[in-house]
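Hi,

Here is the structure for you to look through. Please open it first, then read my notes below.

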Amino acid sequence: MLLFSTWVLMAFLSLLSSPAGEELFEVRMWPEWPVVEAGKDLWINCSTNCTSPQGGGIETRNIKMTTMREGTHWKAFHLSNFSENTNIFCYFICSDIQKRKSVSVIVYRPPQQVTLSLQPSWVIVGKNFTLTCHVPNVVPLENLTLTLLQGTEKLYRQTFVTVPTALQDAWLTLNVTARREDSKSNFSCHAELDLRPHREQLFSATSEPKMLEIFEPSWNNQMLVTIIITILLLLVFVISVCLCFAYGQHWRQHRTGGYGVLAAWRNYRIRGL
């Protein structure tokens, strides 16, 4: 049994050392998760475990490429002019067999300008006001998180999971009901671009704070008493006018009625004579 195992091991090693064993070669690329800022450059290293590679190179589109260094089993390429996410292919030829490896380069633009608008800037208690946060020209949006803050308290947090590729502006709008304790509060918007796990880097920026003015209708006791007395006086005046008018009509009707009976009596006596 031991002899058989030794023979199998020797046969396997012989296969690896033979030209046919070159079919098992691999192509590697570093970094495996490349991330680059828009307009910046990037180094890509391609390597192979083939003992005698016949050639190798890199393939990409719309990227300026320069070979900087190379060895027997590796090639280093300097790439620049990144404007959008792109795929890069690296290949080697070993024993007339070509193998390729690819990586996806993520291009990012960190949040540099964060603006917050507060509409209206003053509001009555119980009414709504609107917070709008805007972050222009930031990618990738799926790695962006916007947080609306009242002082240090988090009001609302939004991540952009699925967004159109062409979209590069982030917007966040929140309607809030004004409370008495919100008066003189500072509101702000905080943006974070998290490139992990592709890259241990976190970019952040915060807007200038906006202050909210809140008004509450207040009535002191003196003003309340004055209003009540005024209403009562007006009510008494109106009732007095109505009573005077009603009494005057009644008195007039009564007087007119007496004169009518007297006139009829006089006419009757004259006719009798």
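**What I found**

Threonine 48 sits in strand β3, which covers residues 42–48. Keep in mind that this is a predicted model. Is threonine 48 buried or exposed? Its relative accessibility is 7%, under the 20% cut-off, so threonine 48 counts as buried. Its side chain reaches the backbone oxygen of glutamate 26 at 2.8 Å. Setting aside neighbours within four places in sequence, threonine 48 is in contact with Phe25, Glu26, Pro53, His73 and Phe92.

Next, the cores. The largest nonpolar core has 31 residues. Phe129, Leu131, Cys133, Val135, Leu144, Leu146 and Leu148 touch the most other members. Several strands each supply at least two residues of this core, including β8 (97–108), β11 (128–135) and β12 (144–150). Where does the core lie? Domain 1 (24–108) and domain 2 (115–215) both give residues to it, so the core lies between them.

Not counting residues up to four places away in sequence, leucine 148 touches Leu116, Leu131, Cys133 and Tyr156, among others.

Last, the whole chain. The protein chain has 2 helices and 18 strands. Of its 273 residues, 29% count as buried. Take contacts between residues at least 6 apart in sequence: 62% of them join residues at least 24 apart. The chain exposes about 19,100 Å², and carbon and sulfur atoms supply 58% of that.

Best wishes

Technical notes. Residues are numbered from 1 along each chain as its sequence is written. This is a predicted model: local features need pLDDT of at least 70, side-chain atom pairs count only at pLDDT 80 or more; totals for chains, interfaces and linings use all residues. Side-chain values use heavy atoms; hydrogens and water are left out. A nonpolar core is a set of buried Ala, Val, Leu, Ile, Met, Phe, Trp, Tyr and Cys residues joined through side-chain atoms within 4.5 Å. Buried means under 20% relative accessible area, exposed over 50%, partly exposed in between (1.4 Å probe, protein chains only). Helices (H or I, at least four residues) and strands (E, at least two) are DSSP runs, numbered from the N terminus. Domain bounds come from an automatic or database domain assignment. Contact means heavy atoms within 4.5 Å. A polar contact is a pair of N or O atoms within 3.5 Å; within protein, one must be able to donate a hydrogen and the other to accept it, and residues adjacent in sequence count only if both atoms are side-chain atoms. Accessible areas come from the Shrake-Rupley method with a 1.4 Å probe; for residues, only the protein chains shown count as cover.
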